[in-house]
Amino acid sequence: MNSDDRIAKAAGLLLHSPPGEVDDVFNDIRGIVNDDEALQEKIEPVLAESNMQQFLVVEVPDKEGSKVLLTPYNQVDGGRFHDPNTNTVFAFDHLRRVAYDPEETAESGEHTELRARLQRSLEQYVEAHFAEGFVSVFEHEGSVVSCLVSNKYSPANFWNGSWRAVWSYDVAKGQLNGSVKVRVHYFEDGNVQLDTQSDFTSDVGENEVAEAIKKFEAEFQQGVNDGFRQLSERTFKGLRRALPVTRNRIDWEKIANYKIGGELANAE
């Protein structure tokens, strides 16, 4: 394959990187492509898609302590991003993961009060239930969209995981649509991945959106917990016989005595 073909193939690998392992996959891709100049020139759109897909948390430039998620819902013209909490638009270098060139903008939108109210409510929810979570709420195409992410990385213990959720509230219809996705990668002496997603739809009022999100996410987490319990109690046990083909339990102590007796006989 030529360089362009290798980059195209490598891009698919990058977009399927497990949480917290984009850098590792990118470094492996560099070895596959073997052309850093061409890779840096053509890989940035793929990195941009990956960063928005993973809901990357970034610091807003010139706004100390302010952060926002990179998502498709706050991307504006020219590949820049908008932080509605500080009314700042900024550029982002997806290769180096650095925000720059901030520009203040006037507050705009049809549902600014609802957006701000949801931001406050969901910040309290995230603080109470996610050790390392973050949420950003945006106005997007007539809807108020809440994006939530919580990442937990422990590469020293051979696992990484993420929880991502998108909740879009159509104000005109009074309809809430959501999707929650959990992905975990365990790679000690192997490669095991959990990738599960659930979608929700409900008709709710403006003042009920935050409570509906909390309810649906709690149901989803309970479902994941029940799934693990079933794996442990039923599925894994079904993968092996409870008894050998003789249908009799093995008496390991008797086998050990046979072995000792045979060794003594040989010694004699």
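Modeller: The discussion below takes up the confidence, the folding elements and the salt bridges in turn.

Biologist: What kind of model is this, and what is its average pLDDT?

Modeller: It is a predicted model. The protein averages a pLDDT of 89, and 89% of the residues score at least 70. Among its elements, strand S2 (residues 67-69) has the highest mean pLDDT, 98, whereas helix H6 (residues 252-267) has the lowest, 63.

Biologist: How many helices and strands are there, and what share of the residues is buried?

Modeller: The protein contains six helices and ten strands. Of its 268 residues, 37% count as buried.

Biologist: How do you know that the length of helix H3 agrees with its number of residues?

Modeller: Helix H3 has 18 residues, 36-53, and at 1.5 Å a residue these should span 26 Å. The end C-alpha atoms are 24 Å apart, which agrees with that expectation.

Biologist: Where in H3 does a kink lie, and which elements do the buried residues of H3 pack against?

Modeller: The kink, of about 50°, lies at Ile 43, shortly before the proline Pro 45. Ile 43 is itself one of the buried residues of H3, which also include Leu 39, Val 46 and Met 52. The buried residues of H3 pack against helix H1 (3-15), helix H2 (22-33), strand S3 (81-83) and strand S4 (88-93). Just after H3, Phe 55 takes a positive phi of about 55°.

Biologist: Why is Glu 141 called exposed?

Modeller: The relative accessibility of Glu 141 is 74%, and exposed requires over 50%, so Glu 141 counts as exposed. Glu 141 lies in the loop between strand S6 (133-140) and strand S7 (143-154). Its phi is positive, about 50°, although Glu 141 is not a glycine.

Biologist: What makes Ser 143 buried?

Modeller: Ser 143 has a relative accessible area of 11%, under the 20% limit, and is therefore buried. This residue lies in strand S7. Leaving aside residues up to four places away in sequence, Ser 143 touches Phe 138, Ser 168, Tyr 169 and Asp 170.

Biologist: Why is the pair of Arg 80 and Asp 101 called a salt bridge?

Modeller: The N to O distance between their side chains is 3.0 Å, and the limit is 4 Å, so the pair qualifies as a salt bridge. Arg 80 lies in the loop between S2 and S3 and Asp 101 in strand S5 (residues 98-104), so the pair ties together parts that are 21 residues apart in sequence. Arg 80 counts as buried at 15% relative accessibility, whereas Asp 101 counts as partly exposed at 45%.

Biologist: How many salt bridges does the structure hold, and what makes Arg 96 and Asp 93 one of them?

Modeller: The structure holds 13 salt bridges. The closest N and O atoms of Arg 96 and Asp 93 are 3.1 Å apart, which is within 4 Å, and therefore the pair meets the criterion. Arg 96 is exposed, with a relative accessible area of 56%, whereas Asp 93 counts as buried at 16% relative accessibility.

Methods. Residues are numbered from 1 along each chain as its sequence is written. This is a predicted model: local features need pLDDT of at least 70, side-chain atom pairs count only at pLDDT 80 or more; totals for chains, interfaces and linings use all residues. Side-chain values use heavy atoms; hydrogens and water are left out. Helices (H or I, at least four residues) and strands (E, at least two) are DSSP runs, numbered from the N terminus. The expected span of a helix is 1.5 Å times one less than its number of residues. The bend at a residue is the angle between axes fitted to the seven residues ending there and the seven starting there. Buried means under 20% relative accessible area, exposed over 50%, partly exposed in between (1.4 Å probe, protein chains only). Contact means heavy atoms within 4.5 Å. pLDDT is the predictor's confidence in each residue, from 0 to 100.
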